[in-house]
Amino acid sequence: LLALWTLGSIARCLLRQWLPARRWSQQLCQMGSDNGAFVSLDSAQPAAFTLGWLRPRVFISSGMQAACSARDIECILLHESAHRQRRDNLRLLLGRLLAAPIPRRWCARALEDLGLYCERACDERAAQATSRETVAAALLRVANIQQPAPAPASLAFAGSATELRIMAMLAP
């Protein structure tokens with residue numbers, strides 16, 4: 001009975017996560033224009049995110065492109081490309097699947113920490129190509145741009161724990 005409940009929890013989590021993200025990714029790829037490094041979305045809402053499980057894609061809205069400098073966009077691309085290379089969406093999905101049979105309040109903090117560590121690892125990778133100060137400045141700018149708008153339902157460049165990420169970039 002416990003094994004059936006565990007398998008049911010995992011299957012429910014997989015269906016809630018995998019199928020909608022796959023559908024959104026396909027629809028966004030069809031709606032946007034592929035620039036090679038990322039898919040440009042025609043939307044005034046500033047957004048930059050990585051979406052997809054096995055073949056993740058980077059999406060950046062025209063609103064984000066208009067609101068950010070070329071240096072910020074380069075930093076965003078480096079960060080989001082790191083998510084794609086590291087397959088962080090798949091990593092987070094596997095974390096959710098493993099935590100599915102456990103009561104949510106018991107594992108919520110661990111899943112939040114996993115998400116934060118994925119973000120910080122991508123910040124570090126972007127800092128290797130630019131500088132820690134450049135990444136911190138881009139994080140702050142993107143957080144200010146996105147503040148009135150809700151974050152997309154995927155890995156966002158700025159989102160939860162932005163202050164911790166900026167402090168980590170500026171720490172010695």
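Predicted model: local features only at pLDDT ≥ 70, side-chain atom pairs only at ≥ 80, totals over all residues.

User: Good to know. At what angle do helix 1 and helix 4 cross, and how close do their axes come?
Analyst: Helix 1 (residues 2-31) crosses helix 4 (residues 88-99) at roughly 150°, and the axes come within 9 Å. With the cut-off for roughly antiparallel at over 145 degrees, the two helices are therefore roughly antiparallel to each other.

User: Is the crossing of helix 1 and helix 4 left-handed or right-handed?
Analyst: Right-handed for that pair, helix 1 with helix 4.

User: Which residues meet there, between helix 1 and helix 4?
Analyst: From helix 1 you have Ile10, Cys13, Leu14, Gln17 and Trp18, and they meet Leu90, Leu93, Arg96 and Leu97 of helix 4. Sorted by class, the contact of helix 1 with helix 4 has 7 nonpolar, 1 polar and 1 charged residues.

User: Which residues of helix 1 are buried, and what covers them?
Analyst: The buried ones in helix 1 are Ser9, Cys13, Pro20, Ala21, Ser25 and Leu28. Their cover includes helix 4 along with strand 2 (39-41), strand 3 (48-51) and strand 4 (57-61).

User: What about Met31, buried or exposed?
Analyst: Met31, which is in helix 1, counts as exposed because its relative accessibility is 64%. The C-alpha atoms of Met31 and Leu41 are separated by 7.0 Å, and the two residues are 10 residues apart along the chain.

User: Switching topic: how do helix 3 and helix 5 pack?
Analyst: Helix 3 (residues 70-86) packs on helix 5 at an angle of about 125°, with the axes 8 Å apart. That makes helix 3 oblique to helix 5. The crossing of helix 3 past helix 5 is right-handed.

User: Which residues of helix 3 and helix 5 meet?
Analyst: On the helix 3 side there are Cys75, Leu78, His79, Ala82, His83, Gln85 and Arg86, meeting Cys118, Glu119, Ala121, Cys122, Asp123, Arg125, Ala126 and Ala129 in helix 5. By class, the contact of helix 3 with helix 5 has 8 nonpolar, 3 polar and 4 charged residues.

User: And which residues are buried in helix 3 and in helix 5?
Analyst: In helix 3, the buried residues are Asp72, Ile73, Cys75, Ile76, Leu77, His79, Glu80, Ser81, Ala82 and His83. For helix 5, the buried residues include Cys107, Gly115, Leu116, Cys118, Glu119, Cys122, Asp123, Ala126 and Ala127.

User: What phi does the residue just after helix 3 take?
Analyst: That residue is Arg87, and it takes a positive phi of about 55°, although it is not a glycine. Arg87 is found in the loop between helix 3 and helix 4, and it is partly exposed, with a relative accessible area of 37%.

User: Last pair: how do helix 6 and helix 7 cross?
Analyst: The axes of helix 6 (residues 132-146) and helix 7 (residues 162-170) come within 8 Å and cross at roughly 160°. Helix 6 and helix 7 are therefore roughly antiparallel to each other, and their crossing is left-handed. The contact is made by Arg132, Glu133, Val135, Ala136, Leu139, Leu140 and Ala143 of helix 6 and Thr162, Arg165, Ile166, Ala168, Met169 and Leu170 of helix 7. By class, the contact of helix 6 with helix 7 has 9 nonpolar, 1 polar and 3 charged residues.

Terms used. Residues numbered from 1 in each chain as written. Heavy atoms only, no water. Axes fitted to C-alpha atoms, helices over the stretch in contact; angles between N-to-C directions. Helix = DSSP H or I, 4+ residues; strand = E, 2+ residues; numbered from the N terminus. Parallel < 35°, antiparallel > 145°, perpendicular 65-115°, else oblique. Left-handed = near helix turned anticlockwise from the far one by under 90°. Contact = heavy atoms within 4.5 Å. Nonpolar A, V, L, I, M, F, W, Y, C, P; charged D, E, K, R; others polar. Buried < 20%, exposed > 50% of the residue type's maximum accessible area, 1.4 Å probe, protein only.
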